[in-house]
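Hi,

Here is the structure I promised to pass on. Have a look at it first, then read my notes below.

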Amino acid sequence: PSCFGYPLSIFFIVVNEFCERFSYYGMRAVLTLYFKYFLGWEDNLSTVIYHTFLALCYLTPILGALIADSWLGKFKTIVCLSVVYTIGQAVTAVSSINDLTDHNQDGSPDNLTVHIALSMTGLVLIALGTGGIKPCVSAFGGDQFEDDQEKQRTRFFSIFYLSINAGSLLSTIITPILRAQQCGIHSKQQCYPLAFGVPAALMAVALVVFIVGSGMYKKVKPQGNTMIQVSKCIGFAIKNRFRHRSKEFPKREHWLDWASEKYDKRLIAQIKMVLKVLFLYIPLPMFWAVFDQQGSRWTLQATTMDGNFGSIQIQPDQMQTVNPILIIIMVPVVDAAVYPLIRKCRINFTPLRKMTVGMFLASLAFVAAALLQVQIDKTLPVFPAGSQSQIKIINLGVDDATVQFGSQLEDVTVRPMEWTGYMTFEHSQLQSLNITSGGKNTTKVFDFPEGNRHTLEVKNTETVLVAEWLFDNVTSKPEEGNNLIRFINNLPDTIYVTMGHTSFGALMPLSASNYTLFQGGRKDTITATRDSVICSTTSEAFGFGSAYTIVINECTAETLDVEYSQDIPPNTVHMAWQIPQYFILTCAEVVFSVTGLEFSYSQAPSNMKAVLQAGWLLTVAIGNIIVLIVAGASKLSEQWAEYILFAALLLAVCIIFAIMAYFYTYIDPNEIEAQLDEEEKKQVKKDEDVNEKRAEADSKL
């Protein structure tokens, strides 16, 4: 059955691909943050595991192609591995359920090992599934067309690529929104089970849709895998060459010609063409090493930025959507406008030149990321090093307060209802502090462990000078754009404080609550109850990633008077500043990725496409392995320096690739095939002539 001149079966294949890509990219979008915030891994480990997973996803297609071509056929391979894939997605979703091991119901899992084991099992199954079906689905779609439907087949591959981008775009927008929801049985937190569960459900839908179309598919029987044949031929040539390594054997034109004893001339000629292209692939992994860090390092970079776009609040993992959005816009623009313009300028923009430009642009994108990182680092607060302590003084009284730190250090005077920033001291210099205010005097001993922040609250009351230490217990910026809030009661009575739906409990006079996490970008109602009088006010907006101490000064029936003391400034660099680096990287992808496969196919015979696709995917896998090695081995403490390192490595590789491309001669596989056909015909004719002559001689005898 057909529809608009297309086989009806391909509609099932396109829908299946859309759901599968939605499932894969949706899960992948929240993966780095799941590692960091749910499993509690630090940045480097999260990056390493993320790229290990990606490398696996790009290594398994070779396995999928072998199973499909040599054993099960494409249809059965897609069905079997999709089942594995769906189970993997479900296991990953289960691994992120907090309440699974949260027996004491405190909101954090009690047995992280269970969660890690489950999520790693799930990810291995997903890598097997997604990788295994990757080479089969597009080829299976191509199989549905007859030989005379070349135009429709080309159009199908365009629609297919569009469905991949549509799936990835929608899921990268939707799953971070699901992740940011609050859910849980005993305690509410980020909803990872929903963010992983929806992709799992879509994978199940993809499987069902694919099976429903079963009766309409044209199923081609497995015809043996070219890759195995190619490997055997290369192996035999090397073995044979090694056997005949002594001087007495004449040299052959190409080392592959040593396989001519066992393999036919045509196969050897085809493998030579493939090896020529694969040789050019050697520098390509470095491009993917840079490109795939959008989902790891760049997402982590976005967590330290301000995602407030007016009425919309952008999640850090949603910034990845910039890439598919730009791809959908850029591919047609580049094809319809940019390339024709370059041709008009009489510039010969060959495929290999396009790829060189792509590598250069990707390197540039990482320079942009490094410049942005430098700006972000400027806004980050300085926390005490191991041998230091930091002290902040808040004066809650109506008189000036002077604090003497010791004979070698300067005195600090704080005006009424004002405070200092955090002052850094060498821990060894601090023994005791002498405080004077309104003619009264007191001494406070400093005997805390080093490497922490402390707040000293001072208040001169009518009878006594009060000085109290508050241990701040915060040595890093709040993650994910959340804010930390605590309250100080500057009233003579005990009060009960709530903010939003969070209760801070009873606060005695001049005591402080602990810091509590609040979602970023919100304004909340602060309510205080004093002797059954309830007073409230709306808080100011705290931005993202800040910490505040809120001092309650007055509570009457009408008003609640509060002062805000900023302990950690909010994120000030806007997430929109990531768009330039995404734009440059997407331009790189358009000229590199799209051109790369097109070029490969144009330089090798049609029956070798599988080998080239395997080679291409292998470059992506190796690229991710490079990230593991660099992230693991580089001892760079600064993130911007790591970006520069990657940019420099890619630039060096780009120069090598440009030199390799300069010496490459383009070929036409069809022409070579035609020559081989011609030679074969001549050989057949020759054999026939010889046979005829032999027959004549025999008859004479």
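Two strands count as paired if DSSP finds at least two bridges between them. Strands (E, at least two residues) and helices (H or I, at least four) are DSSP runs, numbered from the N terminus. This is a predicted model, where local features need pLDDT of at least 70 and side-chain atom pairs count only at pLDDT 80 or more, while totals for chains, interfaces and linings use all residues. Residues are numbered from 1 along each chain as its sequence is written, and side-chain values use heavy atoms, with hydrogens and water left out.

Let's start with strand E15 (residues 483–489). Its partner E18 (residues 516–518) runs antiparallel to it, with three bridges between them. Here Leu484 sits opposite Leu517 of E18. E15 also pairs with E21 (residues 547–555), this time parallel and through six bridges; Asn489 has Ile552 of E21 as its bridge partner.

How many residues of E15 are buried? Seven of the seven, so the strand is largely enclosed by the rest of the structure. (Buried means under 20% relative accessible area, exposed over 50%, and partly exposed in between, using a 1.4 Å probe and protein chains only.) In a regular strand, side chains alternate between the two faces of the sheet. In E15, Asn483, Ile485, Phe487 and Asn489 point one way, Leu484, Arg486 and Ile488 the other, and all are buried.

Next, an open sheet: four strands in the order E10-E7-E13-E14, with mixed pairing. E10 (423–426) and E14 (465–471) are at the edges with a single partner strand each, so one side of each has no neighbour in the sheet. On average, neighbouring strands are turned by 30° against each other, direction ignored (the axes are lines fitted to C-alpha atoms, for helices over the stretch in contact, and angles run from 0 to 180 degrees between N-to-C directions). E7 (residues 388–395) and E10 run antiparallel, joined by four bridges, and Ser389 stands opposite Phe425 in E10.

Finally, the surface. Phe360, Leu364, Leu651, Ile655, Ile659, Tyr662 and Phe663 make a nonpolar patch of about 760 Å². Helices H12 (351–379) and H15 (639–662) each give two or more residues to the patch, and H15 has the largest share, with four. Patch residues have over 30% relative accessible area and no salt bridge; like charges are joined within 9 Å, nonpolar side chains (Val, Leu, Ile, Met, Phe, Trp, Tyr) within 5 Å. A salt bridge is a side-chain nitrogen of Lys or Arg within 4 Å of a carboxyl oxygen of Asp or Glu, and areas come from the Shrake-Rupley method with a 1.4 Å probe, where for residues only the protein chains shown count as cover. Leu651, in H15, is partly exposed at 34% relative accessible area.

Cheers
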